[in-house]
Amino acid sequence: MSTYKPAKTLDEQIKYLKENKRVCFNIIDEKHAKDILFKYNYINIITPFKHHFAKLSNKKRGYQRKWKSCI
């Protein structure tokens, strides 16, 4: 029997995106991001587009993320 991860609040989702996924809120602010997450949910927004934030370097190393620093 599989167990599901507990659901995160909107604040926890924003914190997770900033700290773990290094998402920068440059185009929209965090409040607007929360509104979008509330309306469409994390799975429908983040999961389908995560491949845009990674590039395939080679088969041995798998995916290598590329991003710019938020600072």
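**Salt bridges and helix packing**

Modeller: Asp 35 and Lys 31 are four residues apart in helix H2, so about one helical turn separates them. Helices here are DSSP runs of H or I with at least four residues, and they are numbered from the N terminus. This is a predicted model, in which local features need pLDDT of at least 70 and side-chain atom pairs count only at pLDDT 80 or more, while totals for chains, interfaces and linings use all residues. Residues are numbered from 1 along each chain as its sequence is written, and side-chain values use heavy atoms, with hydrogens and water left out.

Biologist: What do the side chains of Asp 35 and Lys 31 form?
Modeller: They meet in a salt bridge, at 3.7 Å from N to O. The term requires a side-chain nitrogen of Lys or Arg within 4 Å of a carboxyl oxygen of Asp or Glu.

Biologist: Is Lys 31 buried or exposed?
Modeller: Lys 31 is exposed, with a relative accessible area of 58%, whereas Asp 35 is partly exposed at 40%. Buried means under 20% relative accessible area, exposed over 50%, and partly exposed in between, using a 1.4 Å probe and protein chains only.

Biologist: How many salt bridges does the structure hold?
Modeller: There are three. One of them joins Asp 11 to Lys 34, with the closest N and O atoms 2.4 Å apart. Asp 11 lies in helix H1 and Lys 34 in helix H2, so this pair ties together parts that are 23 residues apart in sequence.

Biologist: And which residue pairs with Lys 18?
Modeller: Glu 30 does, the closest N and O atoms being 2.9 Å apart. That pair also links distant parts of the chain, with Lys 18 in helix H1 and Glu 30 in helix H2, twelve residues apart.

Biologist: Changing topic, which residues of H1 are buried?
Modeller: They are Gln 13, Ile 14 and Leu 17. Seen down the axis of H1, they fall within an arc of 95°, so they line one face of the helix; the arc is that of the directions from the helix axis to the C-beta atoms.

Biologist: What do they pack against?
Modeller: They pack against helix H2 (30-40) and helix H3 (42-45).

Biologist: What about Gln 13 itself?
Modeller: Gln 13 has a relative accessible area of 13%. Leaving aside neighbours within four places in sequence, Gln 13 is in contact (heavy atoms within 4.5 Å) with Lys 8, Leu 37 and Tyr 42.

Methods
Helices (H or I, at least four residues) and strands (E, at least two) are DSSP runs, numbered from the N terminus.
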